[in-house]
Every structure is written in C-alpha cells, then in structure tokens.
Amino acid sequence: MNTEYAETELAEPHLRRLLGTAGLDVEYVSGEGNTLHHRAGNGSLIPVLDFAGGYGSLILGHNHPEIVARARELLDARSPVHAQFSSHPYANRLAAELNRIIHRETGVEEPYYATFANSGAEAIEAAVKHAELDRGARLSALLAETRASAEETRAAVLAGRATVAAPVHERLGVPRPARDEDGIDLLIAEASRHNAEVAGRPPVLLALQGGFHGKLMGSVQLTHNEGYRAPFATLGVRTRFVPMDRPDVLKEVLEQESGTLYELRHRAGRVELAEREHPAYCAFLLEPVQGEGGIRPLSRKFAEDIQEFGRQADCPLVVDEVQSGMGRTGALLASAALGLRGDYYALAKSLGGGLAKASVMLVREARYRPEFELVHSSTFAKDSFSCHIALKVLELLEADGGRLYRQAAERGEALAAMLRRVAAAFPDVVKEVRGRGLMQGFEFHDQSGARSPRLAEAARSGLFGYVVAGHLLHAHAIRTFPTASAVHTLRFEPSVLLTDDEIARLERALTDVCRIVRDQAAERLAVP
Ligand code: PMP
C-alpha cells in the first residue's frame, strides 16, 4: 500500500471530522439484529443498540440469518449477478409478488409494471422520467389532434362548407376579414401560436413541504430542504412545494397551473374554438410518512385531498414509500391505510434486506409506456442477486399470514408508548412524539435560546440532535440520529426484532437526555 495516500484522509474527511465533533465517528465492525459492534481501544467489541436502522433499510435487522443464508446460497451456486439484456424470471417473480401484495393492500386490481433501480433516489427519478415521457406523449397526441382538426376546418372553410362567427376572431384577438377564406389561416396561426406557448411551459412538479425524495441532480429538486436543493437549482426542474393540510393551496395550484389548448373545429357548418385540457402536470410526489422531514405522518384527510387533486388535474401521484414501505408501518405500503392509491410507487431501502442495493419503481397499467424500457436502464439494476434477496425479504414478511407486519405494528406501538411516556414526563423538553409503526420521531423544543451556551450553540448551528446522538452513543451505547431536514427530531427506526428490554434501555437513555436538557447541564454530556 502506498503509505503517503493511506495517511491522507480522502473519503469525505470533512464529514468524518464533523461526526467526530459529536463523537459519532466510530467504526462498526459487525452487526446482527438491532446490534452493531465497534472495537474499543483494547480490542474488545462494544455492542451498540441501533435505532437508526440503516436509515430505514433494516426492517429485518443487520445480517438476518435467513437473508445471509440466501446470499450464501446464491454465491455458492455461482449465480450470475450481471446478465443484462437476457431473460430475468426472478425480476418478474419479484414484480408479480409486489403486485400481489399491493393488490391485496389497496384493493386495486390493475397491474403495476416494475422498473428496477439501485437506490431510492434512482427509483424516484425513474418514476418522474416515466411520468414526463407519458405527459409528453399525451401532449404530442393532443397537439396532433388540434393540428388535424385545424386542417380539416381550413378545408371546410375554403370549400364553403363552414363559416366563422365573430366570437372566434374575438377570442383569438384576430381581426375579422371580409371573407372567411381570407382569414382562416390567420386564425389557425394564432391558435397554434397559443398552443405552442402553452405546450412549451415547463412541466408542473409538485411535492410536499418537508418532503425528501433523494439527493441526485433531479430528485434533489423535489426535496424540500433548501440546504440540499438550492445550490443545484440551476441544474434541475422547478418544484412547487405544497404545505401540509392545505387543500386551499391545492385549489390555488389548480387555478394557476392548469391551461387549455385551442382546437379549431367545425360543427354543423360553423367554425368553433374548443378548449382541450393541457396536460400541465408531470407528477405530485409525497411520502405517506415523511421520514427526513421529521417523521410526519400524512393525515387521512389531506391524503384524500391530494387524491382528489390528482383526479381533477390528471396529475399522477408518485407515492414515495422508500422509507415508510416494506412493512415498517405494519403493511408493505404505509399509504394503503390512508386510502391513497398511487399511480406510481417507489420502494427501496429494506427491499434489499440490508445486504443488497435495490429499488423499484412501479407504475399502473393505465399510465404505463412500454417505450420507457428502451430509454431507461442501469448496469446494476435488476441484477439477480438483489432480486433474489428482495424475494426472500418479501417471503419473510409474508410468512405465517403476515406475522412480521403485525409484529412491526405491535413493536412500533410499544416503542411509541414509551416515547410518549418520556414526553409526558418532560413536556418542557419534548415537543412532540410522532410516527407510525417502527418509524417514530421524538422532537425536542428548540434550544437556540437555551441558558446553557453549549446547548444553545449546538441548536443554533443545527447540531443539537447530533450532540444528543453523541451522548446516547457514548453514555448509553445507543445509536440514532436526527432526521436529515428536521434536526430537532430524533429518529427511531429499529427492526421488527425490537425487544421490550431494548425499549426499556432507550427509555432510560432518553430520560437521562431529557434531564440534562431540563437542568441545562451540558457538563453531564458524555461528549463535551
Ligand atoms: N425517498 C425517501 C422517502 C427517503 O427517505 C430517501 C432516503 N432517505 C430517498 C427517497 C432516497 O433514497 P436513497 O438514499 O436510497 O437514494
């Protein structure tokens, strides 16, 4: 090894140093279930109870024995991982299994076609790309119809089979000629100028305030957090962010963004100007439970409002289940219980069973464009290893009539009950406990104005949650983090294997943290 380079830290050294300020830069060397191990100075392994759960990717815990056994089997059998452009029956089985479960949970019977990808952000981008392909195709078809209709009308006017009434000229702002034959080209030109202007508008993309949909060049523009999004705004699409629980804003969007294309046509010898709905809307992205936005469940009422908006605007809904899905809330889809029916679903994280990098975008048949398959792909997507592992994950979730879904709901409720107990004991410290199933958030009151300079400074620099996380790790051997965009909220996303003892350990740890904050006693923090 070249020692010169080995001594220089080159893999995101800035981030490592930042983690170091809160004592979070430990190296984990092994893990199983909800436990990770890091090595102490004397070489012994220190177990850490993991509530970060791989940011939602470990619904079955670290190195689940059956997933590991399946991975071994695949490797031992020398199953080819990369065999692109061949038949992929395992991918088809996975798509079929996802369909079977989604149909059961939503009551929808329509098939959903699957496009596989590698990460959550990629699945989101695939969904949005598909939605734009579909919108473009609908728009082109509509423009072709308006052009054909205009040509037909022109022929009818020139042949004296149709006349043009004054209101048509008025609406298009075109002077009325002495003879219809002399004015028809101008009318057509004006209608197509209008159509070209409307059709050339950028697509309307909608997402919720607080939402998180990834950090790639496209998806980061759908992520509300300004710190992530703004530096790259010049590279991507513009998203309109809708505040939660505001149906009035949805109405406003509908009024402001909708538009019509003109269609000149003739009926019973008269030329008329019809209006056709412009397919302005590319997609509306939403999480049934916002993860990085602070573990905020979407209300049933607003889910209904959004569904209704989608119908009225003909705007496809992309339901981002990357974090909330895969059993975490007691079902494969957290959205099903809200009555939401997605045009698209995105699943990732726990789909890979904690071992593989896998994600999938599903689109319902009525919106499906087969040509998408020829313009979107990735070297690594749909590989046999990740598909087989994902099939194993579904097999485990579905076993015994869905025992693990019920376990996720029950364990989640036990965890939430404890968090609420701590919150009730420290109302001056804890603002709110929120979540569904094994996706719980614990929000502290803002400490920017705290008496303790250390706590106030941490809060003002957005590091309060990380300082708390450092204390939990070093004083209690518990690992968790704040959510990415709401840094006063700690996330708890353990696996379904969560035990009562583990919940009790977390209760003692959080009680200690709340006492420190109540007493403003930063000197008691394990990482000074
Ligand atoms: N959507 C949601 C809801 C997420 O929580 C995340 C990741 N936190 C993503 C998309 C992006 O997933 P990935 O990090 O795998 O790109």
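This is a predicted model: local features need pLDDT of at least 70, side-chain atom pairs count only at pLDDT 80 or more; totals for chains, interfaces and linings use all residues.

Which strands does helix 5 (residues 89–106) lie across, and at about what angle to strand 4 does helix 5 run?

Reply: Helix 5 (residues 89–106) lies across strand 4 and strand 15 (359–364), and its direction makes about 130 degrees with that of strand 4. These two strands belong to an open sheet of seven strands, ordered 4-15-14-13-10-6-7, in which the pairing is mixed. Strand 4 (112–117) and strand 7 (239–242) are the edge strands of this sheet, and because each has a single partner strand, one side of each is left without a neighbour in the sheet. From one strand to the next, the twist averages 20 degrees.

Within the sheet, strand 10 (residues 281–286) and strand 13 (residues 317–320) run parallel and are joined by three bridges, and Phe-284 has Leu-317 of strand 13 as its bridge partner. Helix 10 (residues 247–257) also packs on the sheet, where it touches strand 6 (204–208) and strand 7, running at about 155 degrees to strand 7.

Turning to the ligand, the shell around it holds 15 residues, of which Ser-119, Gly-120, Ala-121, Val-322 and Gln-323 come nearest. By class, this shell is made up of six nonpolar, six polar and three charged residues, and its largest share, three residues, is supplied by helix 6.

Helix 6 (residues 120–158) has a helical partner in helix 8 (residues 180–199), the two axes coming within 9 Å and crossing at roughly 175 degrees. Since angles over 145 degrees count as roughly antiparallel, helix 6 and helix 8 are therefore roughly antiparallel to each other. On the side of helix 6 the contact is made by Leu-139, Leu-143, Thr-146, Ala-150, Arg-154, Val-157 and Leu-158, and on the side of helix 8 by Asp-180, Glu-181, Ile-184, Ile-188, Ala-191, Asn-195 and Ala-199. Sorted by class, this contact has nine nonpolar, two polar and three charged residues.

A further open sheet has three strands in the order 16-17-19, with antiparallel pairing. Its edges are strand 16 (430–436) and strand 19 (489–492), each of which has a single partner strand, so one side of each is left without a neighbour in the sheet; the twist from one strand to the next averages 15 degrees. Strand 16 and strand 17 (residues 439–444) run antiparallel and are joined by six bridges, with Arg-436 standing opposite Met-439 in strand 17. Helix 13 (residues 384–425) lies across strand 16, strand 17 and strand 19, and runs at about 170 degrees to strand 16.

Ile-67 counts as buried because it has 22 C-beta neighbours inside 10 Å. Leaving aside neighbours within four places in sequence, the contacts of Ile-67 are Leu-60, Gly-353, Gly-354, Leu-355, Ile-389, Lys-392 and Val-393.

For the protein chain as a whole, there are 16 helices and 19 strands, and buried residues make up 45% of its 528 residues. Among the contacts with a separation of 6 or more, 70% are between residues 24 or more positions apart.

Definitions and conventions
Residues are numbered from 1 along each chain as its sequence is written. Axes are lines fitted to C-alpha atoms, for helices over the stretch in contact, and angles run from 0 to 180 degrees between N-to-C directions. Helices (H or I, at least four residues) and strands (E, at least two) are DSSP runs, numbered from the N terminus. Angles under 35 degrees count as roughly parallel, over 145 as roughly antiparallel, 65 to 115 as roughly perpendicular and the rest as oblique. Two residues are in contact if their C-beta atoms, placed from the backbone, lie within 7 Å. Ala, Val, Leu, Ile, Met, Phe, Trp, Tyr, Cys and Pro count as nonpolar, Asp, Glu, Lys and Arg as charged, and the others, Gly among them, as polar. Two strands pair if DSSP finds at least two bridges between them. A residue is near a molecule or strand if its C-beta atom, placed from the backbone, lies within 6 Å of it. A residue is buried if 20 or more other C-beta atoms lie within 10 Å of its own, exposed if 12 or fewer, and partly exposed in between; C-beta atoms are placed from the backbone.
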